[in-house]
Amino acid sequence: MSTFGEYFRVTTYGESHCKSVGCIVDGVPPGMELTEEDIQPQMTRRRPGQSALTTPRNEMDMVEIQSGTEFGVTLGTPIAMIVRNKDQRPHDYGNSTMDLYPRPSHADWTYLEKYGVKASSGGGRSSARETIGRVAASTIAEKYLKLAHGIEIVAFVSSVGGVHMFPPTPVHPTPSTNPAFLSLIDTISREKVDEFVPVRCPNAAASAKMAELIAEFRDRQDSIGGTVTCVIRNVPSGLGEPCFDKMEAMLAHAMLSIPASKGFEVGSGFGGCEVPGSIHNDPYILAPEVPPLETGASRNGIPRPRLTTKTNNSGGIQGGITNGAPIYFRVAFKPPATIGLAQQTATYDGDSDGVLEAKGRHDPCVVPRAVPIVEAMAALVIIDALMAQQARQVTRSLLPPLKKTIPAKRTVVDGEDAIKKQHVNDQSVNGLKKE
């Protein structure tokens with residue numbers, strides 16, 4: 001379906017070569033300042049034509065807010081946003097081969113099988129143009145998350161082909177045990193990432209090698225894949241809805257919905273399978289004091305955690321619930337399917353084999369432009385989980401104070417166990433304030 005989220009609901013529309021693409025966002029908190037200037041920066045980071053290493057399609061992707069705000073303030077009503085397609089070239093897809101053969105590894109064939117009809121040009125709904133609506137919607141979510149909770153989301157390119165920013169080693173089979181990686185995710189900013197455009201890998205040596213590799217595949221009309229790493233900082237503990245909507249499950253759902261994505265790992269990921277539990281386990285320590293938000297806003301009733309972890313192989317999530325440590329994960333993207341090299345394939349009707357030399361304008365590697373899309377989907381997951389937890393906290397806070405008996409410690413009296421119990425109120429049980 002084309003709608004994502006339960007509390008903060010985003011519906012996207014549009015195909016690669018239609019008149020416009022965009023979204024409708026429902027569940028936006030009222031009373032927040034919002035204009036196109038808040039939205040445009042991420043749209044610009046996502047747009048095509050950024051460099052010689054991306055598709056030459058030249059779209060400015062200027063966003064227009066159609067509803068849901070007045071005098072630059074959100075009304076709480078649905079916000080519609082539109083971006084007009086201005087550089088479509090549907091004739092690129094009407095030659096004697098593109099309309100006869102489904103592109104290998106592309107969605108041409110599967111869309112036709114599912115719907116019985118497909119867009120005649122571009123990727124239609126499977127095109128990365130669809131992600132414009134996601135990115136536009138996420139900027140609203142991100143502004144709220146930053147103002148209300150100080151949450152920061154930053155993604156960057158971590159590999160292209162076989163070139164890795166943090167290559168696995170026998171000592172560090174996963175970046176989660178690498179001090180350099182842990183330091184990076186604590187401090188990295190979007191401004192720093194964008195210093196390394198066009199690749200967006202915040203390491204000069206690795207970025208140069210990645211750029212060279214992408215250019216090599218572009219020049220021979222081929223393509224290459226890569227990975228994007230994302231970190232989410234200052235996330236409150238307690239987010240995530242077990243058992244089936246665990247935080248990592250929802251992040252995986254979101255990331256694998258992005259066009260060309262092929263894999264997801266959170267925290268130590270697959271590399272964490274190569275270290276023993278004695279190293280992989282994250283010991284708990286007392287959490288440091290959290291300074292108040294610069295905006296002076298409250299944290300909407302969700303307390304900061306009393307504990308944190310000394311290490312973070314879990315990637316900020318345990319049992320599907322956030323623990324207050326930074327969340328980090330990695331998303332794998334395949335090589336773009338549309339390439340100029342001649343490829344053996346079959347006609348749509350299967351009557352004959354043939355050779356396809358695809359036309360059109362396409363990225364030789366999607367990961368540099370996937371960075372803001374990964375950030376966008378992360379924001380949509382976090383705000384939805386946050387709203388679910390806020391609803392739970394508010395309804396719970398309306399109940400009278402609860403006194404509960406819990407075991408304190410066990411001692412031995414006359415050879416038998418005697419359980420000493422203590423009565424505690426909600427402040428020690430669940431963090432709610434005393435009346």
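Which residues do ring pairs link into a cluster? In this predicted model, the cluster consists of Phe166, Phe181 and Tyr328, joined by ring pairs.

**The aromatic cluster**
- The count of aromatic pairs comes to 4.
- Phe166 and Phe181 form an edge-to-face pair, because their ring centres are 5.4 Å apart and their planes stand at 85 degrees, where an angle over 60 counts as edge-to-face.
- Phe166 belongs to the loop between β9 and α4, whereas Phe181 belongs to helix α4, so this pair ties together parts that are 15 residues apart in sequence.
- Phe181 also forms an edge-to-face pair with Tyr328, with 5.4 Å from centre to centre and 70 degrees between the planes.
- Since Tyr328 lies in strand β16 and Phe181 in helix α4, their pair ties together parts that are 147 residues apart in sequence.
- Phe166 is buried at a relative accessible area of 17%, Phe181 is buried at 3%, and Tyr328 is buried at 2%.

**The sheet**
- An open sheet is formed by 5 strands with antiparallel pairing, in the order β9-β8-β10-β16-β11.
- Strands β9 and β11 are the edge strands, and each pairs on one side only.
- Strands β10 and β16 run antiparallel and are joined by 7 bridges; Thr227 has Ala332 in β16 as its bridge partner.
- Helix α7 (residues 247-255) packs on the sheet and touches β11 and β16.

**Charges over rings**
- Lys114 lies over the face of Tyr115, 5.7 Å from the ring centre.
- Arg220 has its charged end over the ring of Phe217, 4.3 Å from the centre of that ring.

Notes
Residues are numbered from 1 along each chain as its sequence is written. This is a predicted model: local features need pLDDT of at least 70, side-chain atom pairs count only at pLDDT 80 or more; totals for chains, interfaces and linings use all residues. Side-chain values use heavy atoms; hydrogens and water are left out. Two strands pair if DSSP finds at least two bridges between them. Helices (H or I, at least four residues) and strands (E, at least two) are DSSP runs, numbered from the N terminus. Contact means heavy atoms within 4.5 Å. Axes are lines fitted to C-alpha atoms, for helices over the stretch in contact, and angles run from 0 to 180 degrees between N-to-C directions. Rings of Phe, Tyr and Trp (its six-membered ring) pair if their centres lie within 6.5 Å; planes under 30 degrees apart count as stacked, over 60 as edge-to-face and the rest as tilted. Buried means under 20% relative accessible area, exposed over 50%, partly exposed in between (1.4 Å probe, protein chains only). A charge sits over a ring if NZ of Lys or CZ of Arg is within 6 Å of the ring centre and within 35 degrees of the ring normal.
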